[in-house]
Amino acid sequence: MTARMQAASAAWVLALGLVLLAPAQASDTGSDEASAPGLSRQGADTCLRCHDESSDFPVMAIFDTPHGQRSDPRSPMAGLQCEACHGAGGEHAARRRPGEERPPMPHFGPHASAPMPEQNQACLGCHQDRSRQHWSGSEHEAADLSCAACHRVHAPADPVLDRRTQNDVCTDCHRRQQAESLLPSAHPLRSGDMSCSDCHAAHGALQPALIKGALPNQVCADCHADKRGPFLWQHPPASEDCGLCHQPHGSAHPAMLSQRAPLLCQQCHSQAGHPSLAHAPGGRPSAMLSLRACANCHSQVHGSNHPSGALLLR
């Protein structure tokens, strides 16, 4: 046999050996992955065997949400699927003997098995953007509030993201604000013309009470532009914080004032030198208590640009 024939024969034997070994190697690799600790490698199909619409924990609705779109690379369903949020499910999905308890999967919501930081990390692993940069240290985070306490990931329409239902989600906890919104003078929250997120940043803000904006009055001035200023003659409380005089969620007094004038004004301004008695000479009601009280004269209470407006009279 020539050297060329010997080389060709050896190459043929080597190729045949590789072909015969390939199925065994592929089978071994698949077996290793299937038996890797905690990994099911079956995706959502394994979960849907039990968690269909007839189960206590149905999950089918997630396929109507952005989280359930396999064609979107940003979606959990395009990667590890259910395990992307709930962790490895191999032990949970494995066969059990009759009567043997099945290890629980980490789940979220009102009766969550996972601790709050672990729950939030599952969400913040993807949803860590500019709108959530102030979450750490915020009022909601400090109150051990989880993302799933407000959001419904498996619902086709998340109620807290829908302006028609958002206020109902917030007022489940914020009962006082809900009661104030039902008072005679209030922002149109109960009619649905405003939502909580118009003024508040639920994931954290620089201002107290999760108020949007860098300045206290910025969110108010977005709608009440005529009160924005700056004015030639400033009224210090109005330029500092609208909440010094107004109750933003609602009040029994006109214009959502925390008190009626002149009592509100006299918290800062002395009544000396003003006709502030309840009745004028002759028994007539005092001008300080009739109609608009102090605003009968000081009509520009938010500030004035008139050259003679130092006393906010014009």
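Colleague: Hi! Let's start with S191: what relative accessible area does S191 have?

Modeller: S191 has a relative accessible area of 48%, so S191 counts as partly exposed. Here buried means under 20% relative accessible area, exposed means over 50%, and partly exposed is in between, using a 1.4 Å probe and protein chains only.

Colleague: Before we go on, what kind of model is this?

Modeller: It is a predicted model, where local features need pLDDT of at least 70 and side-chain atom pairs count only at pLDDT 80 or more, while totals for chains, interfaces and linings use all residues. Residues are numbered from 1 along each chain as its sequence is written, and side-chain values use heavy atoms, with hydrogens and water left out.

Colleague: Thanks! Back to S191, where is S191 found?

Modeller: S191 sits in the loop between α8 (175–180) and α9. Helices (H or I, at least four residues) and strands (E, at least two) are DSSP runs, numbered from the N terminus.

Colleague: And which side chain has a polar contact with the side chain of S191?

Modeller: That would be D193, at 3.1 Å. A polar atom of the S191 side chain also lies 3.2 Å from the backbone oxygen of P188. A polar contact is a pair of N or O atoms within 3.5 Å; within protein, one must be able to donate a hydrogen and the other to accept it, and residues adjacent in sequence count only if both atoms are side-chain atoms.

Colleague: Zooming out, how many helices and strands does the chain have?

Modeller: The chain has 10 helices and two strands. Along the sequence, the pattern is α-α-α-α-α-α-α-α-α-β-α-β. Of the 314 residues, 23% are buried.

Colleague: Let's pick a helix. Which residues are buried in α5?

Modeller: In α5 (residues 116–124), the buried residues are M116, Q119, N120 and L124. They line one face of the helix, because they fall within an arc of 130 degrees seen down the axis of α5. That arc is taken from the directions from the helix axis to the C-beta atoms.

Colleague: Why would residues a few places apart point the same way?

Modeller: An α-helix has 3.6 residues a turn, so residues three or four places apart point the same way.

Colleague: New topic: is H235 buried or exposed?

Modeller: H235 is buried, at 17% relative accessibility. You'll find H235 in the loop between β1 (233–234) and α10 (236–240).

Colleague: What is H235 in contact with, leaving aside neighbours within four places in sequence?

Modeller: H269, V301, H302, G303 and L312. Contact means heavy atoms within 4.5 Å. With V301, a polar atom of the H235 side chain lies 2.5 Å from the backbone oxygen.

Colleague: Last one: how many disulfides are there?

Modeller: The count is zero, where a disulfide is a pair of cysteine sulfur atoms within 2.5 Å.
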